Amino acid sequence: MSTGTGWRDIPIGGLIVDAGNSINYKTGGWRAFRPLRDEEQCTQCLMCWIYCPDSSILVEDSKVVAFDLEHCKGCGICAAVCPKKVEVHALTKQPGKVIQLVEEGSELCR
Ligand code: SF4
Ligand code: SF4
């Protein structure tokens with residue numbers, strides 16, 4: 001019979017001791033797809049900023065300026081909610097929306 005540590009001796013897990021610590025976790029490493037924004041055709045409606053679950057749409061002076069790629073998980077919600085359609089996206093050269101997803105690591109990510 002084992003005489004090792006019993007369950008009562010193990011510290012309780014799953015506790016968030018310090019609030020607001022999610023910024024410390026670089027969730028961008030989970031990303032399989034990367035959002036790309038056509039800057040010229042963006043209307044700055046900020047729908048992407050409102051809906052991004054990871055606060056990864058960076059805004060300055062009420063304008064979208066970039067994605068926070070250290071925390072963007074590539075969920076694609078920004079692309080789904082973006083209301084602006086484009087005939088040709090400046091970066092992907094595809095029709096669709098101002099934000100489009102491309103595979104992480106593809107040439108367009110460089
Ligand atoms: S892909 Fe998801 S996490 Fe990344 S910027 Fe868009 S909404 Fe935010
Ligand atoms: S939702 Fe689309 S058009 Fe609106 S700010 Fe974001 S990228 Fe630009």
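# Close-up views of the predicted model

**View 1. Val 88 and its surroundings.** Val 88 counts as exposed because it has 12 C-beta neighbours inside 10 Å; by this scale a residue is exposed with 12 or fewer other C-beta atoms within 10 Å of its own, buried with 20 or more, and partly exposed in between, the C-beta atoms being placed from the backbone. The model is a predicted one, in which local features need pLDDT of at least 70 and side-chain atom pairs count only at pLDDT 80 or more, whereas totals for chains, interfaces and linings use all residues. Residues are numbered from 1 along each chain as its sequence is written, while chains are lettered from A and ligands numbered from 1 in the order in which they are written. Val 88 sits in the loop between strand E4 (85–86) and strand E5 (96–97), where helices (H or I, at least four residues) and strands (E, at least two) are DSSP runs numbered from the N terminus. Apart from neighbours within four places in sequence, Val 88 is in contact (C-beta atoms, placed from the backbone, within 7 Å) with Lys 93 and Pro 95. From Val 88 to Lys 63, 25 residues apart in sequence, the C-alpha to C-alpha separation is 22 Å.

**View 2. His 89 in the loop between E4 and E5.** His 89 counts as partly exposed because 19 C-beta neighbours lie inside 10 Å. Residues up to four places away in sequence aside, His 89 touches Asp 38, Gln 94, Gly 96 and Gln 100. Arg 31 is 58 residues from His 89 along the chain, and the C-alpha atoms of the two are separated by 21 Å.

**View 3. Thr 27, in the segment before strand E1 (33–37).** Thr 27 has 16 C-beta neighbours inside 10 Å and therefore counts as partly exposed. When residues up to four places away in sequence are not counted, Thr 27 touches Asp 54, His 71 and Lys 73. Thr 27 and Glu 70 are 43 residues apart in sequence, yet their C-alpha atoms are 6.4 Å apart in space.

**View 4. The residues around ligand 1.** The shell holds 13 residues, of which Cys 52, Cys 72, Cys 75, Ile 77 and Cys 78 come nearest; a residue is near a molecule if its C-beta atom, placed from the backbone, lies within 6 Å of it. By class, 8 residues of this shell are nonpolar, 3 polar and 2 charged, with Ala, Val, Leu, Ile, Met, Phe, Trp, Tyr, Cys and Pro taken as nonpolar, Asp, Glu, Lys and Arg as charged, and the others, Gly among them, as polar. Cys 52 itself touches Ile 57, Ile 77 and Cys 78, leaving out residues up to four places away in sequence.

**View 5. The residues around ligand 2, with Leu 46.** Of the 13 residues around ligand 2, Cys 42, Cys 45, Met 47, Cys 48 and Cys 82 come nearest, and the shell divides into 9 nonpolar, 2 polar and 2 charged residues. Leu 46 lies in the loop between E1 and helix H1 (47–51) and counts as partly exposed because 14 other C-beta atoms are within 10 Å. Most residues other than glycine have a negative phi. Leu 46, which is not a glycine, has a positive phi of about 70°.

**View 6. The nonpolar core.** The largest such core, a set of buried Ala, Val, Leu, Ile, Met, Phe, Trp, Tyr and Cys residues joined through C-beta atoms within 7 Å, has 10 residues, namely Cys 48, Cys 52, Ile 57, Val 64, Phe 67, Cys 72, Cys 78, Cys 82, Val 98 and Ile 99. Across the whole chain of 110 residues, 17% count as buried.

**View 7. The hairpin of E2 and E3.** The two strands run antiparallel and are joined by 4 bridges, pairing being assigned if DSSP finds at least two bridges between two strands. Glu 60 has Lys 63 in E3 as its bridge partner. The hairpin has 2 residues between its strands, and Asp 61 takes a positive phi near 50° there. Ser 62, in the loop between strand E2 (57–60) and strand E3 (63–67), also has a positive phi, near 65°. Ser 62 counts as exposed because 8 C-beta neighbours lie inside 10 Å.

Terms used:
Two residues are in contact if their C-beta atoms, placed from the backbone, lie within 7 Å.
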